[in-house]
Amino acid sequence: MFAKLLTMLLALGLMAGLLLVNRQRMYETVGERIRLHGEVERLKRRMQELKVRVAEATEPAEINAMISKNKDDWKSIRVTPERVTMADASDEDVIGR
Amino acid sequence: MKPDPDPCLAARRIKWLSRLTITGILLVLIVVVGRVAQLKIAPSAQLAGTQGARSASSPQPRFRGTVYDRKGRTLSIDKPAWLLAVDPNFYFEHGHERINDQDVALPIVRLDETLCRLVGPMALMQQHLKIERAAHLSRRLADQIEIESDDIEKALIESPASKRYLVLKKLLEDWEVDRVRNWIDGRNIGLRLDRRTTRVNYGPDSLAMIVGKVRNNGRGGSGIEQLLDGDLMARDGMLLSRRTAGGTVISVPQGSYEEGTHGEDFQLTIDLHIQEMAEARLEKQLEEFNAGGGRCLVIDPRNGDILAMVDLLRRRPDWEEAILDDPMRRIEPSLGRNRNLVDAFEPGSTFKPFVWSGAVQAGVGSTRPVPTDARGRIKVNLGPVPISGRRNTVKDAGINPYHGPLEDIETILVRSLNTGMVEMVRPLSDDETRDILVRFGFGTRTNCGLGGTAEHAGQITSLDRWSFANTSVSVSFGHEVSVTTLQMTRAFSAFCNRGLMPQLRLVKPSLESDETPLLDSAPLLMKRALPGAIADRTKRALGKVVTEGTLRRHAKSERYTMFGKSGTADLPRPGGGYFKDRHTSNVIAAAPYDEPRVIVICVIDDPDKSIGHYGGTVAGPVVKDLVDGILEYEGVSPDLETEEASDSSRLASGTQ
């Protein structure tokens, strides 16, 4: 009788303990998810900050200042002009959509 | 040998032990259940305030879409930032002491407090204390960050007692945020740093008129920001969570997280560099000719992309201005009235190519001959032409002295002859002449993507009021008609594209379209204004305008072949009629000749006639410099041999 009772009590205690552990883990998981979510949000914000810094650094005035500071002789890349063929290819009055 | 214990005694012992254990467990359970019940039903006062899960909402801020230029440079972006605010009430009551505790105390303040109780009227003394404390905070803040201490002091003093939130600085730099945090060092003195987003714009003032402005409520207030507000706007998210009193998140209930969405990014066809180049060059020309204003528009004729759109106004002291002022642009450039969109002008001779080409298409000069002399030369340019029913005779401009009959009708354009244009429209009916204007899109909005219904459609006379003497004749040399720079460039692109005009656009089409894949460099729509052969013939004549005609002296590039036309019109009087000695000077041109990559129009309003007033002289140099600058920037090889270019090509090929 005593052994049965002890076994039952131990089983109940174990189950309760496991439930508590499980609950704690659930809280920790939720907490971790929220932390990671916050981290993602922080990184998104950081990315936006970096976009702003790129925008500031690539302003024509900034680039011109950099070129004049380095005294480099910058020239644009020569490109072959693309031929407008639409007008040649069609006699339609309206082309496009 | 020990005797065996009594089996009955052992059984009794076990029985009692079991009962004791069960009783003990029951007692423990009763105590636990009782405690739980007590905590749930009647917790102590200390626990009551912290018991139970709490709901907390965390806003998830999202960013408004970014606006880029044609080459991906940022024009307008949301910048994450910090705002510095103070709770004035708290600061004056408690916060100031916490500054003094940490730093050097203000003995004067304490002495004043004593004096205040003893002598002076309380209100006066309290005001004195407020001034002392406001000055103290503003001085200490000015030591830490870039802030106007006088302004802060004034704002603090003037803040009403009920005010709990006073913005001290709207936008802090990163280093300022660090300095403030270090200085506060966890003390609650009433100062707070709040996250905020601010809209930052890049580019010159003339670009602000296009991109526009975002209002304080986050909605677009003008320009592209207003036009595309629905797509640019972000939708903030929200996270609702259940937390313990200590702040630990317990759960996020189903459906309580809303992610929110960032605004959609857009790319304009405007090129930041070309816009800056055009603004700087136009501004210089306005100064040089002491002009009242100027407009400049640059488009890519291949696809209708608007590359730059500049509008400048210049107020001149001691000058009776005839150009409508725009005071809003002086307050805030983005609220300015972009005259390229909303104001029309009388083009003068710049309009001739459109009427000329339309007349040629209608058979003038071929199936419908113009008057010729015995040698087959066209009988124009012989002197002022009287027109029956017209108030005045038609004369050629002073720069075109009367030489006599012409060999071909192209010379009418090359020498910009008003008398010649009369003969070009004389064989046409009113309907035919008016139809030429309609086919080139005059009198209808370009719907370029900005302005909406505010875009000016220009003005052409209705058919029932149209007459040959006063309308066809005037229109043939660009009078009695008003146009916008947008309409002019759209129509002129027909000469670049063998008769086809592209739909102008300011916003690049999205590449993520579900429909047929669309190249962002391809035109959206091309509409025919002329047959290709007629367009080419007009283009050849306009090429001669640059090499032999009115653009030869001031607008001819030495590096790129061009074709174009200049015009000079009388400036309209604000109350009606025209000034006789004040003008609108304009030039439109495209380059390079074979494969036009750019159309530039420059309109200069009311230049000082004592310096110059003809279109070619005043606006020509702007167009020439912009053509040179833009094509060089676009990497288009010069198609005119210059000494410098020859040297470069020789060096590139390794020959001497």
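Author: Here's a tour of one sheet in chain B and its surroundings. Keep in mind that this is a predicted model.

In chain B, 5 strands line up as an open sheet, in the order E11-E10-E16-E15-E14, and the pairing is antiparallel. The edges belong to strand E11 (305-313) and strand E14 (563-572), each with a single partner strand, so one side of each has no neighbour in the sheet. From one strand to the next, the twist averages 10 degrees.

Let's zoom in on the E11 end. Strand E10 (residues 293-300) of chain B runs antiparallel to E11(B), and 8 bridges join the two. Across that pairing, B:Arg295 stands opposite B:Asp311.

Now for the helices. Helix H11 (residues 272-288) of chain B lies across E10, E11 and strand E16 (598-605), running at about 30 degrees to E11(B). As for helix H20 (residues 532-547) of chain B, it lies across E14 and strand E15 (578-591), at about 75 degrees to E14(B).

Next, the nonpolar packing. The largest nonpolar core has 119 residues, and B:Val298, B:Ala589, B:Cys602 and B:Val627 are the ones touching the most other members. Take B:Val298: leaving out residues up to four places away in sequence, its contacts include B:Ile274, B:Ala278, B:Leu307, B:Ala308, B:Val598 and B:Val600, and also B:Leu626 and B:Ile630. Another core, of 16 residues, lies apart from that one, and B:Leu84, B:Phe92, B:Ala134 and B:Leu156 are among its members. As background, nonpolar side chains in soluble globular proteins tend to be buried together.

Definitions and conventions:
Residues numbered from 1 in each chain as written. Chains lettered and ligands numbered in written order. Predicted model: local features only at pLDDT ≥ 70, side-chain atom pairs only at ≥ 80, totals over all residues. Pairing = 2+ DSSP bridges. Helix = DSSP H or I, 4+ residues; strand = E, 2+ residues; numbered from the N terminus. Axes fitted to C-alpha atoms, helices over the stretch in contact; angles between N-to-C directions. Contact = placed C-beta atoms within 7 Å. Core = buried A, V, L, I, M, F, W, Y, C linked by C-beta atoms within 7 Å. Buried ≥ 20, exposed ≤ 12 C-beta atoms within 10 Å, placed from the backbone.
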